[in-house]
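Reader: Could you walk me through this model, beginning with the aromatic rings?
Author: Gladly; here it is.

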Amino acid sequence: MAANQSIITRDLDKIAEKSGNLYKSIHVISQRAKQISSNMKEELNNKLSEFASTVDNLEEVFENKEQIEISKFYERMPKPTSLAMEEFMEDKVFFRDPEEDTASEE
């Protein structure tokens, strides 16, 4: 996860030239960010499920340091939108335009 976490001013022309349209580029980035977010959430839930307690009694709930460290690690990770933007700008995201696919079939 090498994405920069600070706020970066982006050149909209460079983003738009990847797909030919700024809005298409933003759509691709947002869809990739959703995928990344979903994967991260699933991964976190799997790791935290190891610590799940079968007891619902409030008196027996305790803090687990490993669980807290895992949660903090995920909080410090770059946001999915930052990761998706970096992947898009480095041409690591494959996408196709369904409108172009249907036009080429005709």
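Aromatic pairs and a helix

Author: The structure, a predicted model, holds 2 aromatic pairs, where rings of Phe, Tyr and Trp (its six-membered ring) pair if their centres lie within 6.5 Å, and planes under 30 degrees apart count as stacked, over 60 as edge-to-face and the rest as tilted.
Reader: How are the rings of Phe73 and Tyr74 arranged?
Author: Their centres are 5.5 Å apart and their planes stand at 90°, so this pair is edge-to-face. Tyr74 is buried at 10% relative accessible area, while Phe73 is partly exposed at 44%; buried means under 20%, exposed over 50% and partly exposed in between, with a 1.4 Å probe and protein chains only.
Reader: And what about Phe88 and Phe95?
Author: That pair is tilted, because the ring centres lie 5.8 Å apart with the planes at 35°. Phe88 is buried, with a relative accessible area of 2%, whereas Phe95 is partly exposed at 30%.
Reader: Switching topic, how many of the residues of helix 4 are buried?
Author: In helix 4 (residues 80-89), 7 of the 10 residues are buried, so the helix is largely enclosed by the rest of the structure. Phe88 is one of these buried residues, and the cover includes helix 1 (12-19) and helix 2 (22-49), judged by contact, meaning heavy atoms within 4.5 Å. Helices here are DSSP runs (H or I, at least four residues), numbered from the N terminus.

Terms used:
Residues are numbered from 1 along each chain as its sequence is written. This is a predicted model: local features need pLDDT of at least 70, side-chain atom pairs count only at pLDDT 80 or more; totals for chains, interfaces and linings use all residues. Side-chain values use heavy atoms; hydrogens and water are left out. Helices (H or I, at least four residues) and strands (E, at least two) are DSSP runs, numbered from the N terminus.
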